[in-house]
Each structure stands twice: as structure tokens, then as C-alpha cells.
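My entries are below the display.

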Amino acid sequence: DFVLFLVKKDDPQTVYYQIFIEPKGRHLIEGDKWKQEFLLRLQSEGKTKVLWESKEYRIIGLPFYNSVVSEQTAIFEEAFSEYL
């Protein structure tokens, strides 16, 4: 598991992104589908929390990453590129 922290500095309000990345072996993808659904819900159901004036955090979950499946479908790459 990986957690990526990004900071957007060119905005008057500093925003920190916390992105959860889950590498997943091909043999585990189907059995752990519940976890991917949870990660994808983070963005839609998670609340942005303002920790102090002019700074906030956004928590984002990405689809599972698997080198074979992800390269064939580009789902992970498209979701990841959205936040770079």
C-alpha cells in the first residue's frame, strides 16, 4: 500500500491531497473488490476538512493498480493523472 501526498501551492488557498494507492496482484483483484469500492467512495463520500484558515485536505482513493490489468484498461492511469 502507498499513500501519496501532493500539495497545490499556486492557489491562494493551500490544498493538501492524500491519495491512497493499492497495488494488487491479479489473483487478488476479484476477492478484494470490496476494498476498491471503498477506496473509490472516499472521494465521493469523504468530507474535505479545513484544518486551519486557508488550508484544507482532500482524501482520494484510486482504483487498484496491477501492471497487466492497469496497462490494458488505463483505468488507474486516467484516475491518477487527474490529480497530477
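The entries go from the whole chain to single residues.

I worked on a predicted model, where local features need pLDDT of at least 70, side-chain atom pairs count only at pLDDT 80 or more, and totals for chains, interfaces and linings use all residues. Residues are numbered from 1 along each chain as its sequence is written, and side-chain values use heavy atoms, with hydrogens and water left out.

Fold. I found 3 helices and 4 strands, in the order β-β-α-β-β-α-α from the N terminus. Helices (H or I, at least four residues) and strands (E, at least two) are DSSP runs, numbered from the N terminus.

Burial. Of the 84 residues, 26% count as buried, meaning under 20% relative accessible area with a 1.4 Å probe, protein chains only.

Tyr17. Leaving out residues up to four places away in sequence, I listed its contacts as Leu4, Phe5, Leu6, Lys8, Arg58, Ile60 and Tyr83; contact means heavy atoms within 4.5 Å.

Asn66. I placed this residue in the loop between strand S4 (55–61) and helix H2 (67–73). Asn66 is buried, at 8% relative accessible area. A polar atom of the Asn66 side chain lies 2.8 Å from the backbone oxygen of Lys24.

Notes: Buried means under 20% relative accessible area, exposed over 50%, partly exposed in between (1.4 Å probe, protein chains only). A polar contact is a pair of N or O atoms within 3.5 Å; within protein, one must be able to donate a hydrogen and the other to accept it, and residues adjacent in sequence count only if both atoms are side-chain atoms.
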